[in-house]
Amino acid sequence: MSHDVNCIFCKIIKGEIPSAKVYEDEKVLAFMDISQVTKGHTLLIPKAHKADVFELDTELARHLFSVVPKLAKGLKATYKPEGLNIVNNNGETAGQTVFHYHVHLIPRYGKGDGFG
Ligand code: 5GP
Ligand code: ZN
């Protein structure tokens with residue numbers, strides 16, 4: 001599996017940096033965002049280092065997104081949000097700050113919940 005030694009999410013995958021894991025299989029990992037935009041803010045990443053959607057192949061994307069409904073249902077059951085945003089930033093211009101592909105799952109609780 002290709003990792004980037006300077007990548008913070010690769011370090012999380014390798015266990016070099018602690019994280020609150022939500023889901024893991026051989027290809028993907030989901031964990032709590034360190035800076036919770038709202039309660040339950042979760043990140044889903046491929047274990048292989050892919051900088052952004054432009055480096056992601058279809059098979060990996062298919063698998064990664066097959067996990068999204070499971071995570072969404074888990075978040076709904078645990079945090080009882082009213083809604084959920086699924087967000088992915090690609091490129092600095094688009095707001096990406098960590099250059100290892102990730103999907104944000106952001107539970108929504110109504111106006112003033114911290115997002116949007
Ligand atoms: P981006 O702005 O690239 O779409 O999102 C990067 C996300 O990674 C941010 O929401 C940020 O809080 C999160 N993040 C950055 N460093 C860490 C870390 O070391 N651990 C965890 N769990 N999340 C991180
Ligand atoms: Zn990485």
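1. Ground rules first. The model is predicted, so local features need pLDDT of at least 70 and side-chain atom pairs count only at pLDDT 80 or more, while totals for chains, interfaces and linings use all residues. Residues are numbered from 1 along each chain as its sequence is written, and chains are lettered from A and ligands numbered from 1 in the order in which they are written.

2. On confidence, the protein averages a pLDDT of 97, and 100% of the residues score at least 70; pLDDT is the predictor's confidence in each residue, from 0 to 100. The model's ipTM is 0.99 and its pTM is 0.98.

3. An unreviewed UniProt entry puts "domain: HIT" at residues 8-116. UniProt positions use the numbering here, feature names are shortened, and annotations may be inferred rather than shown by experiment. That stretch is 26% helix and 23% strand, with its end C-alpha atoms 26 Å apart. Helices (H or I, at least four residues) and strands (E, at least two) are DSSP runs, numbered from the N terminus.

4. Now the sheet. It is open, with five strands ordered β1-β2-β3-β5-β4 and antiparallel pairing; two strands pair if DSSP finds at least two bridges between them. At the edges sit β1 (21-24) and β4 (83-87), each pairing on one side only. Direction ignored, neighbouring strands are turned by 15° against each other on average.

5. Looking at individual pairs, β1 and β2 run antiparallel and are joined by three bridges. They make a hairpin with three residues between them, and Y23 has A30 in β2 as its bridge partner. Strand β2 (residues 28-32) also pairs with β3 (residues 42-46), antiparallel over five bridges, with M32 opposite T42 in β3.

6. Helix α2 (residues 58-79) packs on this sheet and touches β1, β2, β3, β4 and β5 (103-108). Contact here is C-beta atoms, placed from the backbone, within 7 Å. The direction of α2 makes about 160° with that of β3; axes are lines fitted to C-alpha atoms, for helices over the stretch in contact, and angles run from 0 to 180 degrees between N-to-C directions.

7. Finally, the ligand. Around ligand 1 there are 13 residues, of which I34, S35, N89, T97 and V98 come nearest; a residue is near if its C-beta atom, placed from the backbone, lies within 6 Å. The shell divides into six nonpolar, six polar and one charged. Ala, Val, Leu, Ile, Met, Phe, Trp, Tyr, Cys and Pro count as nonpolar, Asp, Glu, Lys and Arg as charged, and the others, Gly among them, as polar.

Key. Two residues are in contact if their C-beta atoms, placed from the backbone, lie within 7 Å.
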